[in-house]
Protein chains: 2
Amino acid sequence: MNSGEALGAGGPRSEPTRRAILEAAREAFAARGYEQTTIRAVAAQAGIDPSMVMRYFGSKAGLFAAASTTNLQVPDLRPVPQAKRGEFMVRHFVERWEHSLGDDTLVFLLRTAVTNDAVADEMQAKFDDLIKKPIAAAGHDDPGPCGALIGAQLLGLALCRYVLHLEPIASADVDTLVADLAPAIQLHLDIPRDQLTRPGKPPAPVK
Amino acid sequence: MNSGEALGAGGPRSEPTRRAILEAAREAFAARGYEQTTIRAVAAQAGIDPSMVMRYFGSKAGLFAAASTTNLQVPDLRPVPQAKRGEFMVRHFVERWEHSLGDDTLVFLLRTAVTNDAVADEMQAKFDDLIKKPIAAAGHDDPGPCGALIGAQLLGLALCRYVLHLEPIASADVDTLVADLAPAIQLHLDIPRDQLTRPGKPPAPVK
DNA sequence: TTGGTTTGCCAACGCTTGTTGACCTGATCG
DNA sequence: CGATCAGGTCAACAAGCGTTGGCAAACCAA
């Protein structure tokens, strides 16, 4: 939209405020979702005036876009032996999620992706990078459907544990979770995909 | 809060309007979530005045509560042979979700449960009835963790297919989905749970 | 010291929201 | 026929929202 990034505050002296706003924004977006989060509340949490948020990020949407750029850590499956890749993936994501509870990135993304279609698209791209690409790089035949199935399972876990607080998943410890989910993930990595998620397969309606 | 349900319109002549409001409300809540849905929009869709919604349901929260009471169909696993129960459960839920796209109950619940804690609690109770109870009735040893894991997987599927529109899950046909997910569900039904999700197991920290 | 730029606060704008109360209308019933 | 009353409309309220423009103070280069 805008070419020059002509936002109000660009000087080096404004960095602390900028970071305070972003931190408050991420926390608020994670706690209450996009619509329910108010610029006034973010500004109050950051200890400055609401108009400052506008000067720094242009609009509420701009603030959200700035707050949702995250540095993701992509797992490398290649050195992991085939039979242990399921467990490795589950542990990788769950441990990252556990440690990122400070900045709330995951809940923040999940809460908003569900309400906001643009964020949902962005999340799809993110999951392609995070799941399908490593699977493809590890030499899997069909990373598309396989990655989607694994992604669905991990997202379901995240949803139940961090957003819905569904017991006993919400209060299980990490090792238990990994032990429980690893076989199912491994199954999707191992299973030969002769008849599975492919467009245009010969229809064989059971009913 | 109120003891006598003293809402404005209770006569039999108001039934069509009441149903029109509820249908419009479910559609709107499913499409846009709780906060984003306005009483004015619901009223317009139902072809009446916003104040009528207040007379019928008291408040926006009351409208939501009325719109979210649904009749769920609990699967009966007992006549299904053990080895086919995974496939049966996946098919049962996916087919119900596919056919309920007319009234949007599922998306409606998912969208709101993510933003609204009270709805999340309600959803947990609903999933207990829908998943854990049938598993327990079928004689499973440990329906709690097992049901939660299956629930997480099914919720992940629903989230990816109906809310996030994650490809290729979003546009896969039902039979493909069932074939893909059934083994993983079956795995959770079959697996012996010696070391799994139990509180108070001896801690064996890997790290 | 001077002068311009940056950082910030304040007060207000226009708008939408949920909600309310006064008024109309048409069916029902004595 | 006239009274009654539920079902429905209309206009307005107070509150909260994102957003804007003006103005004070702090900073830094000259």
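This is a predicted model: local features need pLDDT of at least 70, side-chain atom pairs count only at pLDDT 80 or more; totals for chains, interfaces and linings use all residues.
On the α1(B) side the contact is made by B:Arg26, B:Phe29, B:Ala30, B:Gly33, B:Tyr34 and B:Glu35. From α6(B) come B:Thr105, B:Val107, B:Phe108, B:Arg111, B:Thr112 and B:Thr115. By residue class, this contact holds five nonpolar, four polar and three charged residues.

The counterpart to consider in chain A is α6(A), residues 105–115. Of its 11 residues, 11 are buried, so the helix is largely enclosed by the rest of the structure. The buried residues include A:Leu106, A:Val107, A:Phe108, A:Leu109 and A:Leu110, and also A:Arg111, A:Thr112 and A:Thr115.

Chain A as a whole has nine helices and zero strands, and its pattern along the sequence is α-α-α-α-α-α-α-α-α. It has 207 residues, of which 39% count as buried. Among its contacts between residues at least 6 apart in sequence, 67% join residues at least 24 apart.

One pair of helices in chain A can be followed in detail. α8(A) and α9(A), the latter spanning residues 174–190, pack at an angle of about 165° with their axes 9 Å apart. That angle is over 145 degrees, which makes α8(A) roughly antiparallel to α9(A). The crossing here is right-handed. A:Cys146, A:Leu149, A:Ile150, A:Gln153 and A:Leu157 are the residues of α8(A) that meet α9(A). They face A:Leu181, A:Ala184, A:Ile185, A:His188 and A:Leu189 of α9(A). The residues of this contact divide into eight nonpolar, two polar and no charged.

A:Leu149 is one of the residues in that contact, and it sits in helix α8, residues 143–163, of chain A. Is A:Leu149 buried or exposed? It has 30 other C-beta atoms within 10 Å, and is buried because 20 or more are required. The C-alpha atoms of A:Leu149 and A:Ile185 are separated by 8.5 Å, although these residues are 36 apart along the chain. Leaving aside neighbours within four places in sequence, A:Leu149 is in contact with A:His188 and with B:Asp180 of the other chain.

Apart from neighbours within four places in sequence, A:Cys160 is in contact with A:Leu166 and A:Ile169 in chain A and with B:Ala148, B:Gly151, B:Ala152 and B:Leu155 in chain B. A:Cys160 also belongs to the largest nonpolar core, which has 111 residues. The residues with the most contacts inside that core are A:Leu110, A:Leu159, A:Cys160, B:Leu110, B:Leu159 and B:Cys160. A:Leu110 among these is also one of the buried residues of α6(A).

Note on methods
Residues are numbered from 1 along each chain as its sequence is written. Chains are lettered from A and ligands numbered from 1 in the order in which they are written. A residue is buried if 20 or more other C-beta atoms lie within 10 Å of its own, exposed if 12 or fewer, and partly exposed in between; C-beta atoms are placed from the backbone. Helices (H or I, at least four residues) and strands (E, at least two) are DSSP runs, numbered from the N terminus. Two residues are in contact if their C-beta atoms, placed from the backbone, lie within 7 Å. Ala, Val, Leu, Ile, Met, Phe, Trp, Tyr, Cys and Pro count as nonpolar, Asp, Glu, Lys and Arg as charged, and the others, Gly among them, as polar. A nonpolar core is a set of buried Ala, Val, Leu, Ile, Met, Phe, Trp, Tyr and Cys residues joined through C-beta atoms within 7 Å. Axes are lines fitted to C-alpha atoms, for helices over the stretch in contact, and angles run from 0 to 180 degrees between N-to-C directions. Angles under 35 degrees count as roughly parallel, over 145 as roughly antiparallel, 65 to 115 as roughly perpendicular and the rest as oblique. A crossing is left-handed if the near helix is turned anticlockwise from the far one by less than a right angle, and right-handed if clockwise.
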